[in-house]
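Please read the notes below with the model open beside you. They are arranged by topic.

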Amino acid sequence: MSNKTVIVTGAAKGIGLAIACGFAARGYNIALNYRSDNGTQCAALEACRAAAKDGAEVELFRADVSKADECKAMVEAVIARFGGIWALVNNAGITRDGLLMRMSEEQFDEVIACNLKSVYNMSKAVTPVMTKARAGRIISITSVVGIYGNAGQTNYAASKAAIIGFTKSLAKEIGSRGITVNCIAPGFIETDMTDALGEDAKKALYDRIALRRIGKPEDIANAAAFLASEDASYITAQTLSVDGAISL
Ligand SMILES: NC(=O)c1ccc[n+]([C@@H]2O[C@H](COP(=O)([O-])OP(=O)(O)OC[C@H]3O[C@@H](n4cnc5c(N)ncnc54)[C@H](O)[C@@H]3O)[C@@H](O)[C@H]2O)c1
């Protein structure tokens, strides 16, 4: 198998889809993960195949990444299809915002399971494969909110801050096997997730961006492609902020 393979979780839309398309355009095979059969995955597959460089192959893999058994089965299916895994991009994430006083236990647990437990599930499933190959890249999408905090997002901020600690620790565990582990911390990026914000909240965020523009999913995709490349082989345990210098 000549092309390297990248798994991108939560890639049916938004940042995940842009990351998958960015890798496909650079010639990587893509395992495009999605959670529900609601049709968006078909459009994503089409877009990613259209973006793919000659020879790069793209396939859909269904799994809810908050569930360990589904992650394990997906990784086995990806290996059966592509023969190996060069990089994992942990992108899937959700918000269930609310002030702590009103936040239910369910809201808290759901966000931790989807945003954080998924990183454990997927990293654990791919690590034996990468260790055997003595090469690989694990890249997780955290958030500036995990660094600065944000009122109304204790659950989300906790999940994203924990990803940074997880990344630093895993990088130290498996660095000797030639595997790098890094995070990307996006700022305010235009997707369905931020579309849900009110106009006032959007304006307040925009005013804090030094580059005076809202980020595009492709800005994150370019950073992910860099971290997965040979050019980034001496970078590990880092969090790369891609946020136009936003200050929360
Ligand atoms: N948009 C931003 O401004 C922004 C900023 C910082 C960080 N992020 C992070 O970037 C990532 C992508 O966000 P987005 O803005 O593209 O969001 P989005 O809501 O547009 O897309 C998220 C994707 O993740 C998938 N997903 C959610 N739970 C899943 C699960 N359990 N299993 C499999 N797939 C699942 C969804 O189906 C969806 O396709 C998230 O981790 C988010 O926290 C986004």
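1. Basis. This is a predicted model, in which local features need pLDDT of at least 70 and side-chain atom pairs count only at pLDDT 80 or more, while totals for chains, interfaces and linings use all residues. Residues are numbered from 1 along each chain as its sequence is written, and side-chain values use heavy atoms, with hydrogens and water left out.

2. Helices (H or I, at least four residues) and strands (E, at least two) are DSSP runs, numbered from the N terminus.

3. Contact means heavy atoms within 4.5 Å. Beyond its neighbours within four places in sequence, Ile19 is in contact with Val8, Val89, Asn91, Ile141, Ile220, Ala221 and Ala224.

4. Ala18. This residue is found in helix 1. Is Ala18 buried or exposed? Ala18 is buried, with a relative accessible area of 9%; buried means under 20% relative accessible area, exposed over 50%, and partly exposed in between (1.4 Å probe, protein chains only). Not counting residues up to four places away in sequence, Ala18 touches Pro217, Glu218 and Ala221.

5. Surface patch. Ile147, Tyr148 and Leu248 form a nonpolar patch on the surface, together exposing about 260 Å² of accessible area. For such a patch, residues need over 30% relative accessible area and no salt bridge; nonpolar side chains (Val, Leu, Ile, Met, Phe, Trp, Tyr) are joined within 5 Å, and like charges within 9 Å. Areas come from the Shrake-Rupley method with a 1.4 Å probe, and for residues only the protein chains shown count as cover. Leu248 sits in the segment after strand 7 (239-242) and is partly exposed at 31%.

6. Cysteines. With a disulfide taken as a pair of cysteine sulfur atoms within 2.5 Å, the count is zero. For Cys48, the nearest cysteine sulfur is that of Cys21, 4.3 Å away. Cys48 is buried at 0% relative accessibility, and Cys71 is buried with a relative accessible area of 0%.

7. Salt bridges. There are 13 salt bridges, each a side-chain nitrogen of Lys or Arg within 4 Å of a carboxyl oxygen of Asp or Glu. Arg96 and Glu110 meet in one, at 3.0 Å, N to O. Arg96 lies in the loop between strand 4 and helix 4 (105-133) and Glu110 in helix 4, so the pair ties together parts that are 14 residues apart in sequence. Glu199 pairs with Lys202, the closest N and O atoms being 3.8 Å apart; these two are three residues apart in helix 8 (residues 199-206), or about one helical turn. Glu199 is exposed at 58%, whereas Lys202 is buried at 18%. Arg49, Glu57, Glu59 and Arg81 are linked in a network of salt bridges.
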